[in-house]
Amino acid sequence: MAVDLQGVHDFLIEIAHKAGDMIINAKPVAAGSGTKKNSADLVSETDQAVEKMVSTSLKEKYPDFDFMGEETYKEGDKITDSPTFIVDPIDGTTNFFHGHPYLCVSLGLAVEQKPVVGVIYNPFTKSLYTGIKGKGSFLTDPFHEKVRLPLREVEPMHDLSTCVVAVEWGAEREGNDYDVKTNTFRKLCLTKEQGGAMVHGIRSLGSAELNLCSVAAGTLDVYWESGCYAWDVCAGWVILEEAGGKMVGCHQDDWEPRVEQRRYMAVRAGEGQKGIIEEMWKCVQGKIE
Ligand code: IPD
């Protein structure tokens with residue numbers, strides 16, 4: 001099926017603004033839900049209302065496309081090769097509950113399981129990140145009238161120790177993956193003499209998609225997380241790669257990430273990408289299952 005990516009992109013921007021208005025005008029109220037893992041895995045009534053609005057609008061306009069959204073996902077749901085909208089109504093729900101303005105609505109389209117359109121909107125900062133496969137990615141905000149990403153001059157990356165690395169804790173707080181994450185964070189901070197990378201800084205801001213946008217912009221060098229879902233990365237993935245960034249899979253020899261694999265490393269544009277990825281793998285402590 002030939003898809004008019006530009007048409008999808010334009011429609012997703014309209015929806016992102018509607019979603020942004022809903023988010024900004026809402027009071028966070030916890031939704032009664034039995035499906036969340038623990039008390040750190042938050043969901044609000046606004047997440048659900050925004051997803052309903054988005055899915056209804058998309059189904060009306062694109063009845064033949066599939067849809068996957070964070071709030072209606074059921075264990076075992078699979079992304080097919082058909083055009084599929086992959087949506088996180090609020091990426092950064094914890095920030096939403098706490099009034100921290102680092103969150104977004106994330107609207108992606110994957111075709112044959114490859115992300116091809118991404119629209120990400122933070123209604124608090126009015127930052128709109130957009131990308132279409134093969135056509136570049138852009139930021140529009142109160143300071144920039146649709147500028148191409150990356151925002152900064154692309155400087156080479158010689159050493160991980162000169163990088164700012166974003167990581168996320170996620171809602172999982174036990175088990176092997178949690179141990180891998182915490183040991184990795186520690187190693188990133190240790191000095192080289194202690195066997196670490198001693199990066200310039202670690203950031204944990206609470207939105208996977210905005211992290212990917214910042215790596216695309218070049219204001220973060222690396223983002224690594226174990227535990228994201230497709231809706232946390234689909235839109236940002238296009239934006240990142242169209243800005244010259246690189247998305248890598250979950251294992252050291254897996255350079256072909258797949259939309260459903262739940263583990264990603266993203267590195268900004270610039271000479272030295274491969275070396276940074278190799279150094280990052282030395283910091284990943286333990287086996288990611
Ligand atoms: C979460 C955020 C968080 C990341 C989690 C995501 P949500 O998304 O992106 O930063 O660590 O992996 O699930 O729950 O706010 O939509």
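**A walk through the fold**

Residues 24 or more positions apart account for 65% of the contacts in the protein with a separation of 6 or more. Keep that in mind as we look around this predicted model.

Let's begin with the overall build. There are 7 helices and 12 strands in the protein. Its radius of gyration is 18 Å, close to the 19 Å given by the globule rule for 289 residues, so the protein is as compact as a globular protein of that length. Along the principal axes, the C-alpha trace spans about 60 × 40 × 35 Å. As for the interior, 43% of the 289 residues count as buried.

Now turn to one of the sheets to find your way around. Strands of a sheet pair through backbone hydrogen bonds, either parallel or antiparallel. Here, 5 strands form an open sheet in the order 9-8-10-12-11, and the pairing is mixed. At the edges sit strand 9 (201–203) and strand 11 (246–248), each of which pairs on one side only. On average, neighbouring strands of this sheet are turned by 20 degrees against each other, direction ignored.

Helix 5 (residues 208–217) touches strand 8, strand 10 (222–226) and strand 12 (263–267); the direction of helix 5 makes about 155 degrees with that of strand 10. Helix 7 (residues 273–283) also packs on the sheet, where it touches strand 10, strand 11 and strand 12. The direction of helix 7 makes about 140 degrees with that of strand 12.

Conventions
Residues numbered from 1 in each chain as written. Predicted model: local features only at pLDDT ≥ 70, side-chain atom pairs only at ≥ 80, totals over all residues. Pairing = 2+ DSSP bridges. Helix = DSSP H or I, 4+ residues; strand = E, 2+ residues; numbered from the N terminus. Axes fitted to C-alpha atoms, helices over the stretch in contact; angles between N-to-C directions. Contact = placed C-beta atoms within 7 Å. Rg over C-alpha atoms; globule rule 2.2 N^0.38 Å. Buried ≥ 20, exposed ≤ 12 C-beta atoms within 10 Å, placed from the backbone.
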